[in-house]
Amino acid sequence: MRRTKDDSEKTRETILDAAVKKFCQKGVAITTLSEIAKEAGVTRGAIYWHFKNKMDIFDALHERMHNTLEELIVERINESDVDPMERVQEVCVSVLKKFASDPMKMQSIKLFWVQTDYSTEWALFQEKHQERVDSARNLLLEYFKQAHAHNKLPPDTDPEIISLSVRCYLKGIMLEYAREPDLFDMEECAPAMIEHFFRGLV
């Protein structure tokens, strides 16, 4: 039973990987389920076993991307023996390295942050996707609330503004890397980029 479940999850991930690749190549509207099935090496029936339709795949890709992000943010949020500012810096570095090391995650960034136009047929997903974005942002905000409460930030610092600034900075780095991965070595540069940014905060 365990083996069957593992195989099923692996097939689902293969379908999602194939879908994000085809979506980025051709666009979501033009890509067909047959093309996704061919890319994934599965039948259309296998796709329908896991997903209702192409829109369901599109939404599942967004969920997968944000689940990864939230897992990385939550991972150290409740540790009490480390400076909250040190923790959030480490989380930011982990986010950059994790996404940069996974081509499918970088494809997802391009798909949702660059290519998707929510004013078209995908408008019905805009609210749901924004809720996921807000959820990740609120988790990140918790680090800065803790840092402020422990006097690790200047008294007049607004945790909301700091959280928004960090989110924009991370998004900018990931977008630049997604567009031009040869521009810099993320594994090497991420710690320094985050350190320089946070040095200005404190």
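## The pocket and the chain around it

Helix α7 gives seven residues to the lining of the largest pocket, the largest share. This is a predicted model, in which local features need pLDDT of at least 70 and side-chain atom pairs count only at pLDDT 80 or more, while totals for chains, interfaces and linings use all residues. Residues are numbered from 1 along each chain as its sequence is written, and side-chain values use heavy atoms, with hydrogens and water left out.

The lining has 21 residues, and H66, W113, V133, R167 and K171 lie nearest the centre of the pocket. The pocket has a volume of about 430 Å³.

Lining residues have an atom within 4 Å of a point of the pocket, an open set on a 1 Å grid where a 1.4 Å probe fits, with protein on both sides within 12 Å along at least five of seven lines.

Now for the whole chain: it has nine helices and zero strands, taken as DSSP runs (helices H or I, at least four residues; strands E, at least two). Buried residues (under 20% relative accessible area, 1.4 Å probe) make up 43% of the 202 residues.

In helix α2, residues 33-40, the buried residues are L33, I36, A37 and A40. Seen down the axis of α2, they fall within an arc of 100 degrees, so they line one face of the helix; the arc is that of the directions from the axis to the C-beta atoms. After α2 comes G41, with a positive phi near 75 degrees.

Note on methods:
Buried means under 20% relative accessible area, exposed over 50%, partly exposed in between (1.4 Å probe, protein chains only). Grid points are joined across faces, edges and corners, and a volume is the space filled by probe spheres set on the points.
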